[in-house]
Amino acid sequence: MNRDRAATILALYRSMLRIRIVEETLIREYHPANQMRCPIHFCIGQEAAPAALGLAMQQSDVIATHYRSHGYYLAKGAPLDAMVAEFYGKDSGSNRGLGGSMELAHHDSNLFSGAIVGGPAGLAIGSAFAQQFLGSKAISVAIFGDGAMDEGVVYESLNLAALKELPVLFLCENNGYAAHTPLAMRARNVSPADRAAAFGVATRVVKDSDPEALLDCMFEAVRQVRDGGGPLFLEVDTYRFCGHVGPEGDDQLGYRPAAEIEARRAADPLASLRNRIGNLCPNGWLEQAESEIAAEIAVAIERAKSAPFPNPEVPLSSVWANTYDPVATVLIEGAVSEFKGNQSEAKLAPY
């Protein structure tokens with residue numbers, strides 16, 4: 001293995017490890033202090049996809065993700081302190097404490113999440129339209145779970161992306177369950193990739209049990225979209241080890257067979273990759289990585305606890321749209337456009 005490849009694999013492992021340690025620490029902290037008051041959807045077990053995507057993306061690329069978003073937030077390079085402070089509702093949070101976990105976003109990192117199931121698909125194709133119109137080499141990524149494949153906005157987005165050959169990657173994390181309902185109880189055709197292919201979108205399926213193969217697939221998918229190959233649907237077979245939402249497990253509800261849980265935990269992608277990188281690591285590298293990440297999240301939690309809450313004026317000034325000037329309606333190349341009079345350069349592509 002050459003040096004660049006080895007460095008990339010170690011970077012993948014460290015990113016996955018960071019997501020795991022951060023989330024496990026937040027789970028331990030959630031109840032004792034009773035200061036994180038928002039619902040949190042943890043992604044323990046599903047770290048490989050966000051870690052691989054983060055390595056494949058550029059700063060200018062846009063991510064629109066579901067509410068199980070912490071892994072993508074961290075892998076995109078957004079600041080940990082701001083994420084943790086957001087969970088505590090503090091003014092130093094990435095959304096000044098107003099969004100919480102389910103609306104986590106970081107504007108400078110071009111990462112946005114939302115609580116509406118399937119919503120990221122619509123947001124991502126809007127972003128991709130802008131990128132295509134401006135001639136940018138950036139791409140957009142829509143991230144959602146298999147449960148979102150029951151939402152109309154996903155199919156509308158797939159259809160429009162195919163028709164306009166938009167630079168968008170649809171990343172479906174298929175963990176087999178929409179909350180507590182298995183795929184087979186929701187659709188006759190249980191394959192998200194097969195359903196996406198019906199719209200003329202290129203598809204690929206990969207398992208995260210082999211993080212290196214997933215990494216290669218992710219780099220190739222991003223390259224294909226960026227090089228003008230049109231939209232691509234990537235289905236990642238994955239599994240969450242935690243409950244659907246919150247720090248508590250929910251396996252006592254019996255919606256997942258015990259043998260399935262045991263088998264998927266035994267195939268933990270993080271443990272699998274750790275076993276394969278032993279000969280790549282300098283002496284003490286693994287222990288140092290774990291220590292540094294643990295210290296980083298401990299500092300972030302202490303800063304969040306001591307940070308101030310937003311002033312009352314902040315939420316009041318953040319829920320209403322700003323007043324704007326009257327707009328003029330004109331015809332541009334047969335399409336109707338509304339814009340302010342001082343926007344003399346406003347144009348509209350003939351979509």
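Tutor: We begin with burial: a residue counts as buried when its relative accessible area is under 20%. The model here is predicted. Phe-233 has a relative accessible area of 0%, so Phe-233 is buried.

Student: Is Phe-144 buried or exposed?

Tutor: Phe-144 has a relative accessible area of 1%, so Phe-144 is buried.

Student: How many aromatic pairs does a search of the whole structure find?

Tutor: The search finds four aromatic pairs. Planes under 30 degrees apart count as stacked, over 60 as edge-to-face and the rest as tilted. In one of the pairs, the planes of Tyr-13 and Trp-285 are at 45 degrees, so this pair is tilted; the ring centres are 6.3 Å apart.

Student: Which parts of the chain does the pair of Tyr-13 and Trp-285 link?

Tutor: Distant ones: Tyr-13 is in helix H1 and Trp-285 in helix H11, 272 residues apart. Tyr-13 has 1% relative accessibility, so Tyr-13 counts as buried.

Student: What is the angle between the planes of Phe-144 and Phe-233?

Tutor: The angle is 50 degrees, a tilted pair, with 6.2 Å centre to centre. Phe-144 belongs to strand S4 and Phe-233 to strand S9, 89 residues apart.

Student: Where does Cys-43 lie?

Tutor: Cys-43 lies in the loop between H1 and helix H2. At 3% relative accessibility, Cys-43 counts as buried. Beyond residues up to four places away in sequence, Cys-43 touches Ile-19, Glu-23, Arg-68, Gly-71 and Cys-242.

Student: Over which ring does the charged end of Lys-90 sit?

Tutor: The ring is that of Phe-309, and the charged end of Lys-90 is 4.8 Å from its centre.

Definitions and conventions
Residues numbered from 1 in each chain as written. Predicted model: local features only at pLDDT ≥ 70, side-chain atom pairs only at ≥ 80, totals over all residues. Heavy atoms only, no water. Phe/Tyr/Trp six-rings, centres within 6.5 Å; stacked < 30°, edge-to-face > 60°. Helix = DSSP H or I, 4+ residues; strand = E, 2+ residues; numbered from the N terminus. Buried < 20%, exposed > 50% of the residue type's maximum accessible area, 1.4 Å probe, protein only. Lys NZ or Arg CZ within 6 Å of the ring centre and 35° of its normal. Contact = heavy atoms within 4.5 Å.
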